[in-house]
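Subject: Structure handover and notes

Dear colleague,

Please find the structure below, followed by my notes on what was found in it.

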Amino acid sequence: MFERFTKDARDVVKGAVEQAEGERAGTVDPGHLMLALLDREASRASFALAALGADERRESARRALADSRRRAGLSRAETDALAGLGIDVSEIVARVEEAHGIGSMSGDRKGKGWWSGRRGFGRDARDVLEGALRVAVALRDRHIGDEHILLALTSRPGVPAEILADHGVTYESVTRVLYGSSGGAKAG
């Protein structure tokens, strides 16, 4: 599949690995792909993000991802569902961080042994990359570009899609910017 990736798409994958390394994460996840996309310049995905104003809110998206990771990666929908059961996630996070330190629920490896091996892609990140292939096929594109990774990321449930949507970036809005009103079928 990677042979069909454009240089921009490969750069996103490399950028996601760098994001994971910077966080000392054991695997690359969809959040790392989102951060790598937000860092892109002069590509189709960066054009779409700029057209939707997301490039101006990049730091806000980074903070939202960090906040989610402090909640053990729970999305707002998951947090709300737990609240409906009487479980206050903010209170749990506060108690755990009081006992074990800030970021202890995030899987944060800071201060722990450094793992210097090659970063693998977690199941969710692999699903996003496979989704990018499905998006490209649905749009009848011959190659997989960073725009297809962005579309795949916005088409599947999870924290990155939620954060992007909060910043005006949805599958529909990206499709409209890149392909006009006649955008292709949703594949994810």
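**Helix α8 and its partners**

L150, L153 and T154 in α8 meet P160, A161 and L164 in α9, where a meeting or contact stands for heavy atoms within 4.5 Å. By class, this contact of α8 with α9 has five nonpolar residues, one polar residue and no charged residues; Ala, Val, Leu, Ile, Met, Phe, Trp, Tyr, Cys and Pro count as nonpolar, Asp, Glu, Lys and Arg as charged, and the others, Gly among them, as polar. Helices (H or I, at least four residues) and strands (E, at least two) are DSSP runs, numbered from the N terminus.

Before going further, please keep in mind that this is a predicted model, in which local features need pLDDT of at least 70 and side-chain atom pairs count only at pLDDT 80 or more, while totals for chains, interfaces and linings use all residues. Residues are numbered from 1 along each chain as its sequence is written, and side-chain values use heavy atoms, with hydrogens and water left out.

The axes of α8 and α9 come within 7 Å and cross at roughly 100°, the axes being lines fitted to C-alpha atoms, for helices over the stretch in contact, and the angles running from 0 to 180 degrees between N-to-C directions. That makes α8 roughly perpendicular to α9, on a scale where angles under 35 degrees count as roughly parallel, over 145 as roughly antiparallel, 65 to 115 as roughly perpendicular and the rest as oblique.

Helix α7 (residues 123-138) packs with helix α8 (residues 146-155) at an angle of about 110°, their axes being 8 Å apart, and the two are therefore roughly perpendicular to each other. Their crossing is right-handed, a term used if the near helix is turned clockwise from the far one by less than a right angle, with anticlockwise giving left-handed. On the α7 side the contact is made by V128, L129, G131, A132, V135 and A136, which meet H148, I149, L151, A152 and L153 in α8; these residues divide into nine nonpolar, two polar and no charged.

With α10, α8 packs at an angle of about 155°, the axes again being given as 8 Å apart, and α8 and α10 are therefore roughly antiparallel to each other. Here E147, H148, L150, L151, T154 and S155 in α8 meet Y171, V174, T175, L178 and Y179 in α10, a set that divides into six nonpolar, four polar and one charged.

The buried residues are V159, P160, A161, E162, I163 and L164, and what covers them includes α2, α4 (58-70), α5 (76-84) and α8. V159, in helix α9 (residues 159-166), has a relative accessible area of 11% and touches L65, S68, G73, L74 and S75, not counting residues up to four places away in sequence. The C-alpha atoms of V159 and G31 are separated by 7.5 Å, although these residues are 128 apart along the chain. After α9 comes G168, whose phi is positive, near 85°.

In helix α10 (residues 171-179), the buried residues are Y171, S173, V174, T175 and L178, and they pack against α3, α7 and α8. This helix is followed by G180, whose phi is also positive, near 75°.

The protein chain has 10 helices and two strands, and of its 188 residues 41% count as buried. Among contacts between residues at least 6 apart in sequence, 66% join residues at least 24 apart.

Conventions. Buried < 20%, exposed > 50% of the residue type's maximum accessible area, 1.4 Å probe, protein only.
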